[in-house]
Each structure stands twice: as C-alpha cells, then as structure tokens.
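Biologist: I would like to learn how to read the sheets and helices of a model. Could you take me through one, step by step?

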Amino acid sequence: MKILAIIAYGGFGKVERVQFEDGTILAKKTFEPSIKLTPEDLTKFRKRFAREVRIQAKLKSDVFLPVVAFDVDGESPWFTMPLANSTLRDEIVRTKEQGEIPKQALIDLLIGLEELHNEGLVHRDLKPSNVLRHEGKWKLSDFGLVLPQTSDTTKLTSADSAWGTAAYCAPEQSVDFHSVGPPADIYAFGCILHDI
C-alpha cells in the first residue's frame with residue numbers, strides 16, 4: 001500500500017489517500033494518537049477505534065460509507081474506505097454562494113439517520129465534515145463516537161466525558177455523554193440546518 005497524501009490529521013489518528021498494488025485508491029484511517037495518553041486511556045481508545053471499525057463494517061446500507069478492509073489487532077490499527085468526492089461542509093459553502101439549499105444532501109442525511117437509529121445506534125458526532133458524497137449519494141461516516149443503544153455494550157466513555165464537536169452537540173452531551181440517544185443526532189441535524 002502506497003501513501004499518496006495526508007487528507008486529515010487529528011489527535012487520535014490520521015486519514016491518508018493510499019494506492020494498492022492493483023491501482024485502487026482508497027482512504028485509510030489509522031489509529032495513531034498524537035496526544036500523550038496514559039496506558040489505560042490508550043487501551044480504551046484502541047477499543048473505541050476497533051468498535052468504530054466493526055460497527056461501520058456491519059452497516060451494509062448505501063447510506064453509510066463502507067469499510068473495504070481493516071486490521072484492528074495490529075500495532076497501528078487501520079481501516080480503508082472509498083475516497084469521497086466532497087463533504088457536506090463543502091456543499092454548504094458551494095450552495096450558499098449560489099443561493100441554493102442542498103436539499104438532496106439533507107434528504108440523504110435524514111435517511112441515513114433513520115437507518116442508523118433503526119439499527120439501535122447513535123452517531124454522537126454528526127457534523128458537515130462527517131457527511132461525505134460518494135457514488136452520487138451523501139453518506140454518513142466517522143463512527144468514532146457511535147453508541148449502540150443496548151444495555152450489554154462495554155462502556156468506553158467515562159461518566160465525566162464530553163465529546164463531539166461543540167457547535168453540533170446537544171446540551172445533554174455535556175452532562176451525560178454516554179447516555180445520549182437519537183435526539184442528540186436530531187439536534188445536530190438542526191445545527192446543520194442553521195449552518196445552511
């Protein structure tokens with residue numbers, strides 16, 4: 001696998017444009033924290049990354065960006081996914097300049113949220129940069145903070161944790177992040193409407 005470019009870099013990893021031997025070009029997300037973590041936190045965040053990959057890989061609908069390949073057990077866990085054409089953030093800027101509303105993006109996003117919630121999952125980090133255009137359709141991506149709504153899940157968020165992107169977080173996310181439900185995603189959708 002040949003690295004062509006870095007697409008994004010954050011506190012817990014990076015996303016790169018990569019090319020395989022057969023010429024296929026994909027996006028590769030690697031767990032590679034750039035912040036200092038305690039051994040306990042490192043283990044917790046590795047588990048969260050593995051959960052993100054496994055959940056995204058199980059979401060087979062075309063409203064979610066698919067996982068192509070992954071290795072979550074190696075020293076540097078990673079997964080690959082199709083390379084998106086653009087983000088909803090880019091689309092909002094483009095349509096504002098033209099005096100339009102990105103109606104199809106909003107429709108696709110609502111369909112994606114409905115399917116995600118029907119699967120018993122809450123995204124918890126919905127924002128324009130996590131909605132990607134691929135194969136002519138807007139798809140949900142970045143399931144790093146996804147939460148299964150079942151009582152038998154392992155708690156990977158501390159009671160005092162508050163995660164997500166502040167501009168899109170429902171008030172309850174700062175109080176009890178682990179227990180937020182689908183309404184938090186609907187609140188984030190409202191924030192996206194505000195952006196528009």
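Modeller: Gladly, and we begin with terms: helices (H or I, at least four residues) and strands (E, at least two) are DSSP runs, numbered from the N terminus. Two strands pair if DSSP finds at least two bridges between them. This is a predicted model, in which local features need pLDDT of at least 70, side-chain atom pairs count only at pLDDT 80 or more, and totals for chains, interfaces and linings use all residues. Residues are numbered from 1 along each chain as its sequence is written, and side-chain values use heavy atoms, with hydrogens and water left out.

Biologist: Which strands form a hairpin, and what is the phi of Glu135 in the turn?

Modeller: The hairpin is made by β8 and β9, with two residues between them. Glu135, in that turn, has a positive phi of about 55°. Strand β9 (residues 137–140) runs antiparallel to β8, and four bridges join the two.

Biologist: What is the order of strands in the open sheet of three?

Modeller: The order is β6-β8-β9, with antiparallel pairing. β6 and β9 stand at the edges with a single partner strand each, so one side of each has no neighbour in the sheet. Between β6 (residues 86–87) and β8 (residues 131–134) there are two bridges, and Ser86 stands opposite Arg133 in β8.

Biologist: How do I describe two packed helices?

Modeller: Packed helices are described by the angle between their axes and the distance between the axes. Axes are lines fitted to C-alpha atoms, for helices over the stretch in contact, and angles run from 0 to 180 degrees between N-to-C directions. Here α3 (residues 103–118) and α4 (residues 182–195) pack at about 170°, with axes 11 Å apart. That makes α3 roughly antiparallel to α4, a label for angles over 145 degrees. Contact means heavy atoms within 4.5 Å; among the residues of α3 that meet α4 are Leu106, Leu109 and Leu113, and the α4 side includes Ile186 and Phe189. Turning to the sheet, α3 lies across β8 and β9, at about 35° to β9.

Biologist: What is the order of the open sheet of five strands?

Modeller: With antiparallel pairing, the order is β1-β2-β3-β5-β4. The edge strands, β1 (2–9) and β4 (69–71), each pair on one side only. Neighbouring strands are turned by 25° against each other on average, direction ignored. Five bridges link β3 (residues 25–31) with β5 (residues 78–82), and Thr30 stands opposite Trp78 in β5. Helix α1 (residues 39–58) packs on this sheet, touching β3, β4 and β5, and its direction makes about 150° with that of β3.

Biologist: Is Lys14 buried or exposed?

Modeller: Buried means under 20% relative accessible area, exposed over 50%, and partly exposed in between (1.4 Å probe, protein chains only). Lys14, found in strand β2 (residues 13–19), is buried at 15%. Leaving aside neighbours within four places in sequence, the residues in contact with Lys14 include Tyr9, Lys28 and Glu32.

Terms used
Angles under 35 degrees count as roughly parallel, over 145 as roughly antiparallel, 65 to 115 as roughly perpendicular and the rest as oblique.
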